[in-house]
Amino acid sequence: MTIAIVGNGRMGKAVAALAIERGHRIHTVVDSTDNVAGRALTRERLAGADVAIEFTGPEAAVANLERLIELGIPTVTGTTGWTGALPRITALVEARRGALLHAANFSEGVHLFLRAARELARNFSGRPEFVASIRDEHHAAKLDAPSGTALLLQHQLGDTDGSRAFPIASVRAGTIPGTHTLTYEGPHETVSLSHVARDREAFAAGALAAAEWLPGKTGVFTFEHLLFGENA
Ligand SMILES: NC(=O)c1ccc[n+]([C@@H]2O[C@H](COP(=O)([O-])OP(=O)(O)OC[C@H]3O[C@@H](n4cnc5c(N)ncnc54)[C@H](OP(=O)(O)O)[C@@H]3O)[C@@H](O)[C@H]2O)c1
C-alpha cells in the first residue's frame with residue numbers, strides 16, 4: 001500500500017517505521033512546514049496515495065481532515081482533542097462519499113479494557129457506597145487533558161450507569177506512553193482496572209491495521225468497527 005503520513009512527530013515516525021517494516025511504501029510525509037490550515041495537502045502532493053494516516057495535534061487535525069476528505073483520500077486519524085468538530089467532519093465525509101476512521105486510542109488492549117470497564121460499571125451500578133473515578137496518565141508533552149481515551153471511557157461508563165459521576169484526574173509527567181485506570185473506592189476496599197501502554201508500537205500497529213482495512217469503504221468508522229465488526 002502507498003501511504004501518506006501527515007504529522008512527523010512521535011506517532012507519525014512510529015507508524016512510518018512500522019509501515020516500511022511491513023512492506024508498505026511511504027508516499028510522502030507532511031510535517032508542519034507550510035501546512036497551515038492543511039495547505040500542503042494538495043492534489044499534486046497526494047496523487048497516488050492509497051490512504052493517509054494523520055497524527056498531528058488538536059489545532060491542526062480538523063483542517064487536515066477536511067483537505068484529505070475533499071481530495072477523496074481514505075484517512076485514518078489518531079489525533080485527539082478535536083472531536084467537537086466530528087459532526088461537521090462526518091457531514092463532509094457523507095457529502096463526499098469519503099472514508100474516515102478515527103480513534104482516540106489505537107491499541108487493541110484499550111478497547112478490550114473499555115469493554116471490561118463497562119462490565120465492571122454494570123456490576124457496581126446500584127451500589128452508591130462505592131465512589132468511582134478515572135485516572136489518565138501520560139507524558140509531559142501531551143497537549144490535551146483529559147485524554148481522548150479517558151473521555152471515551154467516561155462517556156461509555158455514563159451510558160452504562162447514569163446514577164453516578166465518573167470524574168477524571170489527569171497526570172502529565174515524564175515519558176508515560178499512556179495509562180488509564182477506573183477505580184471504585186468503597187468504605188474499606190478498592191477495586192481498580194487498568195490499561196497500561198508500555199510503548200507506542202501498540203498504537204502504531206493499530207493505526208496501520210486501520211489503514212489496511214479502510215480503503216474501499218465509505219463512511220465514518222472507529223477502531224471498534226475494525227476490532228469487533230457487527231458487535232462494535
Ligand atoms: N490514537 C492513538 O492511539 C494515539 C496514540 C498516541 C498519540 N495520539 C495523539 O496523536 C497526536 C500526535 O501525537 P504525537 O505523540 O505524535 O505528538 P507529537 O510528537 O507532538 O507530534 C505531532 C506532530 O504533528 C506536527 N504538526 C502540527 N501541526 C501540523 C500540521 N498542520 N501539519 C502537519 N504536521 C503538523 C507537529 O509538528 P511541529 O512540532 O513542527 O508543530 C509534530 O511533529 C496527539 O493528538 C496525541 O494525543 C493518539
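A nitrogen atom of the ligand lies 2.6 Å from a polar side-chain atom of Asn35. This is a polar contact, a pair of N or O atoms within 3.5 Å. The model is predicted, so local features need pLDDT of at least 70 and side-chain atom pairs pLDDT 80 or more, while totals for chains, interfaces and linings use all residues. Residues are numbered from 1 along each chain as its sequence is written, and side-chain values use heavy atoms, without hydrogens and water.

A polar backbone atom of Arg10 is 2.9 Å from an oxygen atom of the ligand. A polar backbone atom of Ala103 is 3.0 Å from a nitrogen atom of the ligand. On its own the ligand has 920 Å² of accessible area, and the protein covers 74% of this. Accessible areas come from the Shrake-Rupley method with a 1.4 Å probe.

The shell around the ligand holds 23 residues, of which Met11, Ser32, Asn35, Thr80 and Phe106 come nearest. A residue counts as near if one of its heavy atoms lies within 4 Å of the molecule. By class, eight shell residues are nonpolar, 11 are polar and four are charged. Asp, Glu, Lys and Arg count as charged; Ala, Val, Leu, Ile, Met, Phe, Trp, Tyr, Cys and Pro count as nonpolar; the others, Gly among them, count as polar. Helix H1 (10–21) and helix H3 (58–70) each supply at least two residues of this shell. Helices (H or I, at least four residues) and strands (E, at least two) are DSSP runs, numbered from the N terminus.

Aromatic rings were examined next. Rings of Phe, Tyr and Trp (its six-membered ring) pair if their centres lie within 6.5 Å; planes under 30 degrees apart count as stacked, over 60 as edge-to-face and the rest as tilted. The count comes to five aromatic pairs. Phe106 and Phe223 form an edge-to-face pair, because their ring centres are 5.1 Å apart and their planes stand at 70°. This pair links distant parts of the chain, 117 residues apart. Phe106 is in the loop between strand E5 (99–102) and helix H5 (108–124), and Phe223 is in helix H8 (residues 223–228).

Two backbone features remain. Most residues other than glycine have a negative phi, and most peptide bonds are trans. Asp34 has a positive phi, near 60°. Asp34 is in the loop between strand E2 (25–30) and helix H2 (43–46). Ala145 and Pro146 are joined by a cis peptide bond, with omega about -5°.

Conventions:
A polar contact is a pair of N or O atoms within 3.5 Å; within protein, one must be able to donate a hydrogen and the other to accept it, and residues adjacent in sequence count only if both atoms are side-chain atoms.
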